[in-house]
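Hi there,

Here is the structure I promised to pass on to you. Have a look at it first, and then read my notes below.

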Amino acid sequence: MKSTLQSLYLLQLLDTELDELRELRGDLPETVNAMEAELKMVEQRIEECDEALKKGAVERSQMEKESLELIAKIDKYKGQQLEVTNNKEYDALTREMETAENTIASHEAEIEQTMQRADELKTSKTEFETRHEELVKELEVKHEELKEILEATNEEEMTLEANREEALKGLLEKDLELYTRIREAKGKAVAPIRRESCSGCYNVVPPQMILEVKKNDRLFICEHCGRILVSEEIAQETSI
């Protein structure tokens, strides 16, 4: 059991060191991730604007072409009206011209809407492109800051992680589960008894429990904070 207590305390020491290293980075990694996600979104919006502009241009071109064809037909119908010999044929040509004129008018309205939409899309695209340039510059700075921090801490972190893996080999699954559960709730899972108190919550530990903890032959939990208590002997004998 003593070796288990030592492994638990060593694990706590290693996790505390790792926590402090990661705190040095602050929220920079999350900030970089958020900015990269925004950059990706902005690039997608620019592509969507380009696709919408291209689609609108094609539709506008098709309507303009169709309108020109209809104008030609109207001119043709006018010429044919001069040659018809009865009212029925004359009226039929008139209806054809009215239909063509209505279609042309509809196209003109749709073309105007398309052009307004194109102006809006161009404005949006310009705004997205401006934001894209800002993000690229900001990310370049953030990446450099993160790179410097990682270079300064990576080697130490890798060493601590390797030592942590070794420490885990000395623990049973149930002990690790207990440690993990307490650590997630309290931050630190193991607390040596110092000056007759739990060093985790600073509450006094009953004398009888102190005597039992000093035996290093079983796990004891602080009745106030729920952390695993270890003796001063374990704390002194265990280091990174």
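Leaving aside neighbours within four places in sequence, Arg25 is in contact with Ile149, Leu150, Thr153, Asn154 and Glu157, where contact means heavy atoms within 4.5 Å. Arg25 belongs to helix H1. With a relative accessible area of 15%, Arg25 is buried; the word buried stands for under 20% relative accessible area, exposed for over 50%, and partly exposed for in between, with a 1.4 Å probe and protein chains only. Between the C-alpha atoms of Arg25 and Ala189 there are 23 Å, and the two residues are 164 apart along the chain.

Before the rest, a word on how to read all this. This is a predicted model, in which local features need pLDDT of at least 70 and side-chain atom pairs count only at pLDDT 80 or more, while totals for chains, interfaces and linings use all residues. Residues are numbered from 1 along each chain as its sequence is written, and side-chain values use heavy atoms, with hydrogens and water left out.

Now the overall picture. The protein contains six helices and four strands, and from the N terminus their order is α-α-α-α-β-β-α-β-β-α. Helices (H or I, at least four residues) and strands (E, at least two) are DSSP runs, numbered from the N terminus. The radius of gyration of the protein is 39 Å, whereas a compact globule of 240 residues would have one near 18 Å. That radius is taken over C-alpha atoms, and the globule rule is 2.2 Å times the number of residues to the power 0.38.

Of the 240 residues, 31% are buried. If you take contacts between residues at least 6 apart in sequence, 75% of them join residues at least 24 apart. The accessible surface is about 15700 Å², and carbon and sulfur atoms account for 49% of that; the areas come from the Shrake-Rupley method with a 1.4 Å probe, and for residues only the protein chains shown count as cover.

Next, the nonpolar cores. By this I mean sets of buried Ala, Val, Leu, Ile, Met, Phe, Trp, Tyr and Cys residues joined through side-chain atoms within 4.5 Å. The largest has 15 residues, and those that touch the most other members are Leu8, Tyr9, Tyr179, Val190, Ile228 and Val230. At least two residues of this core come from each of helix H1 (2-25), helix H4 (173-186), strand E4 (228-230) and helix H6 (232-237). H1 gives the most, with four residues. Tyr9 is worth a click: not counting residues up to four places away in sequence, Tyr9 touches Val190, Pro192, Arg194, Val230, Ile234, Ala235 and Thr238. A second, separate core has 11 residues, including Ile193, Cys198, Val213 and Leu229.

Ser67 sits in helix H2 (residues 28-81) and is buried, at 10% relative accessibility. Apart from residues up to four places away in sequence, Ser67 touches Ile104 and His107. Met158, in helix H3 (residues 87-168), counts as exposed at 60% relative accessibility. Met158 and Leu18 are 140 residues apart in sequence, and their C-alpha atoms are 9.6 Å apart in space.

Finally, please look at the loop between strand E1 (190-194) and E2, where Arg195 lies. Most residues other than glycine have a negative phi. Arg195, not a glycine, has a positive phi of about 55°, and Glu196 in the loop between E1 and E2 also has a positive phi, near 65°. Arg195 is exposed, with a relative accessible area of 82%, and Glu196 is exposed too, at 56%. Ser197 lies in strand E2 (residues 197-198) and is buried at 14% relative accessible area. Beyond its neighbours within four places in sequence, Ser197 is in contact with Pro192, Tyr202, Asn203, Val204 and Val205.

Best wishes, and happy browsing!
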